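I opened my notebook to look around one structure, starting with the ligand and then moving to a few backbone details. Here is what I looked at.

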Amino acid sequence: MYTKIFRAVIIGAPGSGKGTISELICKNHGCVHISTGDILRQNIIKNTELGRKAKEFIAAGKLVPDSIVTKTMLARITEVGNRSYILDGFPRNIAQAQALEAREQIDAVITLDIPHDVIIDRVKHRWIHAPSGRVYNIGFQDPKVPGKDDVTGEPLTQREDDKPHVVARRLELYDELMSPVIAWYKEKGLVATFKGKETKEIWPRMELFLRDRMNA
Ligand code: AMP
(Lines give C-alpha, C1' and ligand atoms only; values in the text may rest on other atoms or scores of the structure.)
Protein backbone atom coordinates (compact mmCIF):
# COMPACT_ATOMS: atom_id res chain seq x y z
CA MET A 1 0.00 0.00 0.00
CA TYR A 2 1.20 3.49 -0.80
CA THR A 3 1.16 5.85 2.09
CA LYS A 4 1.34 9.15 0.33
CA ILE A 5 -0.58 11.07 -2.33
CA PHE A 6 1.78 11.54 -5.27
CA ARG A 7 1.26 14.49 -7.60
CA ALA A 8 3.44 14.44 -10.68
CA VAL A 9 3.89 16.13 -14.03
CA ILE A 10 5.24 14.11 -16.97
CA ILE A 11 7.09 15.83 -19.81
CA GLY A 12 8.21 14.12 -23.01
CA ALA A 13 8.32 14.86 -26.73
CA PRO A 14 5.69 13.53 -29.14
CA GLY A 15 6.63 9.91 -29.87
CA SER A 16 8.67 9.60 -26.65
CA GLY A 17 6.31 6.97 -25.21
CA LYS A 18 4.93 9.41 -22.65
CA GLY A 19 1.35 8.15 -23.03
CA THR A 20 2.43 4.51 -22.59
CA ILE A 21 4.56 5.31 -19.54
CA SER A 22 1.77 7.36 -17.96
CA GLU A 23 -0.69 4.49 -18.43
CA LEU A 24 1.82 2.02 -16.94
CA ILE A 25 2.39 4.23 -13.92
CA CYS A 26 -1.33 4.64 -13.30
CA LYS A 27 -2.10 0.95 -13.83
CA ASN A 28 0.63 -0.17 -11.45
CA HIS A 29 0.34 2.57 -8.85
CA GLY A 30 -3.34 3.45 -8.86
CA CYS A 31 -3.11 7.07 -9.86
CA VAL A 32 -5.20 9.11 -12.28
CA HIS A 33 -3.76 10.03 -15.68
CA ILE A 34 -4.88 13.57 -16.52
CA SER A 35 -4.07 14.31 -20.16
CA THR A 36 -4.83 17.80 -21.44
CA GLY A 37 -4.89 16.66 -25.08
CA ASP A 38 -7.39 13.87 -24.24
CA ILE A 39 -9.65 16.22 -22.28
CA LEU A 40 -9.65 18.78 -25.09
CA ARG A 41 -10.30 16.14 -27.77
CA GLN A 42 -13.17 14.61 -25.78
CA ASN A 43 -14.73 18.04 -25.43
CA ILE A 44 -14.42 18.61 -29.17
CA ILE A 45 -16.16 15.30 -29.88
CA LYS A 46 -18.95 16.14 -27.40
CA ASN A 47 -19.18 19.66 -28.89
CA THR A 48 -19.12 21.33 -25.46
CA GLU A 49 -18.47 25.05 -25.06
CA LEU A 50 -14.84 24.24 -24.18
CA GLY A 51 -14.57 21.97 -27.22
CA ARG A 52 -15.89 24.67 -29.53
CA LYS A 53 -13.40 27.20 -28.11
CA ALA A 54 -10.42 24.82 -28.26
CA LYS A 55 -11.11 23.42 -31.72
CA GLU A 56 -9.92 26.37 -33.80
CA PHE A 57 -6.61 26.63 -31.91
CA ILE A 58 -5.88 22.91 -32.11
CA ALA A 59 -6.74 22.78 -35.81
CA ALA A 60 -4.36 25.70 -36.45
CA GLY A 61 -1.58 23.88 -34.53
CA LYS A 62 -1.61 26.60 -31.87
CA LEU A 63 -1.72 26.32 -28.09
CA VAL A 64 -5.15 26.85 -26.56
CA PRO A 65 -5.10 30.09 -24.47
CA ASP A 66 -3.73 29.71 -20.93
CA SER A 67 -6.90 30.95 -19.24
CA ILE A 68 -9.01 28.20 -20.85
CA VAL A 69 -6.52 25.36 -20.30
CA THR A 70 -5.63 26.32 -16.74
CA LYS A 71 -9.27 26.61 -15.68
CA THR A 72 -10.05 23.23 -17.25
CA MET A 73 -7.08 21.45 -15.69
CA LEU A 74 -7.56 22.89 -12.20
CA ALA A 75 -11.22 21.87 -12.34
CA ARG A 76 -10.22 18.33 -13.33
CA ILE A 77 -7.68 18.18 -10.47
CA THR A 78 -10.44 19.21 -8.06
CA GLU A 79 -12.64 16.40 -9.41
CA VAL A 80 -9.84 13.85 -8.92
CA GLY A 81 -9.83 14.85 -5.26
CA ASN A 82 -7.58 13.21 -2.73
CA ARG A 83 -5.86 10.79 -5.10
CA SER A 84 -2.46 10.55 -6.76
CA TYR A 85 -2.31 11.89 -10.30
CA ILE A 86 -0.03 12.43 -13.28
CA LEU A 87 -0.47 15.54 -15.38
CA ASP A 88 0.33 14.96 -19.04
CA GLY A 89 0.42 17.96 -21.40
CA PHE A 90 0.11 20.53 -18.62
CA PRO A 91 1.84 22.84 -17.82
CA ARG A 92 3.11 23.76 -21.28
CA ASN A 93 4.59 27.14 -20.31
CA ILE A 94 5.72 29.08 -17.23
CA ALA A 95 2.40 30.93 -16.82
CA GLN A 96 0.58 27.58 -16.59
CA ALA A 97 3.25 26.22 -14.21
CA GLN A 98 2.78 29.23 -11.93
CA ALA A 99 -0.99 28.85 -11.94
CA LEU A 100 -0.56 25.19 -11.02
CA GLU A 101 1.95 26.02 -8.28
CA ALA A 102 -0.48 28.50 -6.72
CA ARG A 103 -3.02 25.71 -6.25
CA GLU A 104 -1.15 22.39 -5.92
CA GLN A 105 2.00 21.04 -4.38
CA ILE A 106 3.70 18.99 -7.09
CA ASP A 107 5.98 16.18 -5.79
CA ALA A 108 7.92 15.37 -8.96
CA VAL A 109 8.37 16.33 -12.58
CA ILE A 110 9.25 13.27 -14.64
CA THR A 111 10.99 14.05 -17.91
CA LEU A 112 11.62 11.51 -20.66
CA ASP A 113 14.85 12.06 -22.55
CA ILE A 114 14.66 9.97 -25.73
CA PRO A 115 17.17 10.77 -28.53
CA HIS A 116 15.50 12.54 -31.45
CA ASP A 117 16.90 10.07 -33.98
CA VAL A 118 15.24 7.20 -32.10
CA ILE A 119 11.86 8.95 -32.18
CA ILE A 120 12.25 9.86 -35.87
CA ASP A 121 13.09 6.26 -36.69
CA ARG A 122 10.08 4.95 -34.75
CA VAL A 123 7.63 7.30 -36.43
CA LYS A 124 9.19 6.69 -39.86
CA HIS A 125 7.89 3.12 -39.78
CA ARG A 126 4.30 4.16 -39.15
CA TRP A 127 1.96 3.80 -42.15
CA ILE A 128 -1.77 4.36 -42.08
CA HIS A 129 -4.89 3.54 -44.02
CA ALA A 130 -6.16 7.13 -44.13
CA PRO A 131 -9.91 6.48 -44.68
CA SER A 132 -10.23 4.20 -41.61
CA GLY A 133 -7.32 5.43 -39.47
CA ARG A 134 -5.85 1.88 -39.20
CA VAL A 135 -2.19 2.09 -38.21
CA TYR A 136 0.65 -0.31 -39.21
CA ASN A 137 4.23 -0.36 -37.95
CA ILE A 138 6.57 -1.79 -40.53
CA GLY A 139 8.78 -4.53 -39.08
CA PHE A 140 6.59 -4.84 -36.00
CA GLN A 141 2.96 -4.80 -37.05
CA ASP A 142 3.12 -5.37 -40.81
CA PRO A 143 0.17 -5.39 -43.20
CA LYS A 144 -0.50 -8.83 -44.76
CA VAL A 145 0.37 -7.45 -48.22
CA PRO A 146 3.16 -4.84 -48.21
CA GLY A 147 1.79 -1.32 -48.72
CA LYS A 148 -1.88 -2.39 -48.62
CA ASP A 149 -4.60 -2.17 -45.97
CA ASP A 150 -5.59 -5.60 -44.56
CA VAL A 151 -9.33 -4.93 -44.73
CA THR A 152 -9.86 -2.97 -47.94
CA GLY A 153 -6.63 -3.69 -49.88
CA GLU A 154 -6.32 0.05 -50.48
CA PRO A 155 -2.87 1.69 -50.48
CA LEU A 156 -1.29 2.80 -47.20
CA THR A 157 0.13 6.29 -46.81
CA GLN A 158 2.32 8.16 -44.36
CA ARG A 159 0.90 11.09 -42.42
CA GLU A 160 2.54 14.27 -43.65
CA ASP A 161 3.56 15.11 -40.08
CA ASP A 162 5.17 11.65 -39.58
CA LYS A 163 7.72 12.26 -42.36
CA PRO A 164 11.26 12.46 -40.94
CA HIS A 165 11.98 16.13 -41.74
CA VAL A 166 8.60 17.19 -40.31
CA VAL A 167 9.07 15.09 -37.16
CA ALA A 168 12.56 16.56 -36.68
CA ARG A 169 11.12 20.08 -36.83
CA ARG A 170 8.27 19.20 -34.43
CA LEU A 171 10.81 17.81 -31.96
CA GLU A 172 12.91 20.97 -32.14
CA LEU A 173 9.85 23.13 -31.54
CA TYR A 174 8.84 20.93 -28.62
CA ASP A 175 12.29 21.30 -27.04
CA GLU A 176 12.20 25.08 -27.51
CA LEU A 177 8.78 25.24 -25.88
CA MET A 178 9.45 22.93 -22.95
CA SER A 179 13.08 23.77 -22.03
CA PRO A 180 12.10 26.85 -19.99
CA VAL A 181 9.45 24.85 -18.13
CA ILE A 182 11.92 22.06 -17.33
CA ALA A 183 14.53 24.65 -16.23
CA TRP A 184 11.92 26.33 -13.97
CA TYR A 185 11.12 23.02 -12.28
CA LYS A 186 14.84 22.10 -12.06
CA GLU A 187 15.46 25.21 -10.00
CA LYS A 188 12.85 23.91 -7.58
CA GLY A 189 14.65 20.55 -7.39
CA LEU A 190 11.65 18.62 -8.69
CA VAL A 191 12.96 17.12 -11.93
CA ALA A 192 13.72 13.40 -12.37
CA THR A 193 15.02 12.62 -15.85
CA PHE A 194 14.79 9.18 -17.45
CA LYS A 195 17.05 8.62 -20.42
CA GLY A 196 16.73 5.72 -22.79
CA LYS A 197 15.67 4.44 -26.16
CA GLU A 198 12.69 2.31 -25.25
CA THR A 199 9.93 2.19 -22.67
CA LYS A 200 10.99 -1.28 -21.52
CA GLU A 201 14.49 0.03 -20.83
CA ILE A 202 13.21 3.01 -18.83
CA TRP A 203 10.41 1.29 -16.93
CA PRO A 204 12.47 -0.66 -14.29
CA ARG A 205 14.27 2.55 -13.27
CA MET A 206 11.00 4.42 -13.16
CA GLU A 207 9.50 1.70 -10.93
CA LEU A 208 12.34 2.07 -8.41
CA PHE A 209 11.90 5.83 -8.40
CA LEU A 210 8.13 5.61 -7.93
CA ARG A 211 8.36 3.06 -5.11
CA ASP A 212 10.82 5.29 -3.34
CA ARG A 213 8.84 8.50 -3.85
CA MET A 214 5.37 7.16 -3.29
CA ASN A 215 6.35 5.62 0.03
CA ALA A 216 8.40 8.59 1.14
P1 AMP B 1 -1.35 16.94 -27.21
O2 AMP B 1 -2.22 15.75 -27.43
O3 AMP B 1 -0.80 17.05 -25.81
O4 AMP B 1 -0.29 17.11 -28.27
O5 AMP B 1 -2.32 18.23 -27.36
C6 AMP B 1 -3.02 18.48 -28.56
C7 AMP B 1 -3.28 19.98 -28.70
O8 AMP B 1 -4.04 20.46 -27.58
C9 AMP B 1 -2.04 20.86 -28.72
O10 AMP B 1 -1.50 20.96 -29.99
C11 AMP B 1 -2.58 22.19 -28.23
O12 AMP B 1 -3.28 22.87 -29.27
C13 AMP B 1 -3.60 21.77 -27.20
N14 AMP B 1 -3.00 21.68 -25.86
C15 AMP B 1 -2.69 20.55 -25.15
N16 AMP B 1 -2.16 20.87 -23.94
C17 AMP B 1 -2.14 22.22 -23.89
C18 AMP B 1 -1.70 23.18 -22.90
N19 AMP B 1 -1.19 22.78 -21.72
N20 AMP B 1 -1.81 24.49 -23.19
C21 AMP B 1 -2.34 24.90 -24.35
N22 AMP B 1 -2.76 24.08 -25.33
C23 AMP B 1 -2.68 22.75 -25.10
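**Around the ligand**

I first looked up who surrounds the ligand: 13 residues do, and the closest are Arg41, Lys62, Val64, Gly89 and Gln96. A residue counts as near if one of its heavy atoms lies within 4 Å of the molecule.

Before going on, I noted that this is a predicted model, where local features need pLDDT of at least 70 and side-chain atom pairs count only at pLDDT 80 or more, while totals for chains, interfaces and linings use all residues. Residues are numbered from 1 along each chain as its sequence is written, and side-chain values use heavy atoms, with hydrogens and water left out.

Next I sorted the shell by class and found 6 nonpolar, 4 polar and 3 charged residues. Here Ala, Val, Leu, Ile, Met, Phe, Trp, Tyr, Cys and Pro count as nonpolar, Asp, Glu, Lys and Arg as charged, and the others, Gly among them, as polar.

Which helix gives the largest share of the shell? Helix α2 (residues 36-45) does, with 4 residues. Helices (H or I, at least four residues) and strands (E, at least two) are DSSP runs, numbered from the N terminus.

**Polar atoms facing the ligand**

I then checked distances to backbone atoms. A polar backbone atom of Lys62 is 2.6 Å from an oxygen atom of the ligand. For nitrogen atoms of the ligand, I found a backbone N or O atom of Gly89 at 2.7 Å and a polar backbone atom of Val64 at 3.0 Å. The ligand taken alone exposes 480 Å², and the protein buries 81% of that. These areas come from the Shrake-Rupley method with a 1.4 Å probe.

**Asn93 and its loop**

Asn93 sits in the loop between β3 (85-88) and α5 (94-103). What does the side chain of Asn93 join in a polar contact of 3.0 Å? The partner is the side chain of Asp66. I also saw the Asn93 side chain reach the backbone nitrogen of Ala95 at 3.3 Å. A polar contact is a pair of N or O atoms within 3.5 Å; within protein, one must be able to donate a hydrogen and the other to accept it, and residues adjacent in sequence count only if both atoms are side-chain atoms.

Asn47, in the loop between α2 and α3 (49-59), has a positive phi, near 55 degrees. I marked both because most residues other than glycine have a negative phi, and most peptide bonds are trans.
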